[in-house]
Amino acid sequence: MFIPKCKKCGSKMVSANINIEVETNGILKTATNVPGKKCSKCEHIVIDDITMEKLKQYAHDYPTNIIDYAMCEAEEFVVIQTLLL
């Protein structure tokens with residue numbers, strides 16, 4: 001089994017829901033429940049490119065200053081399911 005290592009300190013990276021800040025249109029927004037990896041030692045955070053692009057789109061689309069990534073994903077899933085019915 002492949003266990004990713006932190007590029008900063010070499011410790012184990014673990015899956016985590018991360019809270020970060022993202023800027024859109026000059027406005028700083030807080031994003032919660034963002035899936036990513038976090039170093040178990042130095043707490044270095046890694047979020048994949050696809051997730052970051054989706055997060056930027058959610059931050060742009062939602063009018064609030066706090067974006068719940070998991071909630072946005074769930075809403076998107078419901079819309080897709082509705083369209084497929």
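Here are a few notes on the hairpin and the salt bridges in this predicted model.

1. Ground rules. Residues are numbered from 1 along each chain as its sequence is written, and side-chain values use heavy atoms, with hydrogens and water left out. Since the model is predicted, local features need pLDDT of at least 70 and side-chain atom pairs count only at pLDDT 80 or more, while totals for chains, interfaces and linings use all residues.

2. Strands S1 (residues 13–24) and S2 (residues 27–39) pair antiparallel over 11 bridges; pairing takes at least two DSSP bridges between the strands. Helices (H or I, at least four residues) and strands (E, at least two) are DSSP runs, numbered from the N terminus. Serine 15 has lysine 37 in S2 as its bridge partner. With 2 residues between the strands, the hairpin has asparagine 25 at a positive phi near 55°.

3. The H1–H2 link. Glutamate 73 and lysine 54 form a salt bridge at 2.9 Å between the closest N and O atoms. That pair connects distant parts of the chain, with glutamate 73 in helix H2 (residues 69–84) and lysine 54 in H1, 19 residues apart. Lysine 54 also meets glutamate 76 in a salt bridge (3.9 Å, N to O), again bridging H1 and H2, 22 residues apart.

Definitions and conventions: A salt bridge is a side-chain nitrogen of Lys or Arg within 4 Å of a carboxyl oxygen of Asp or Glu.
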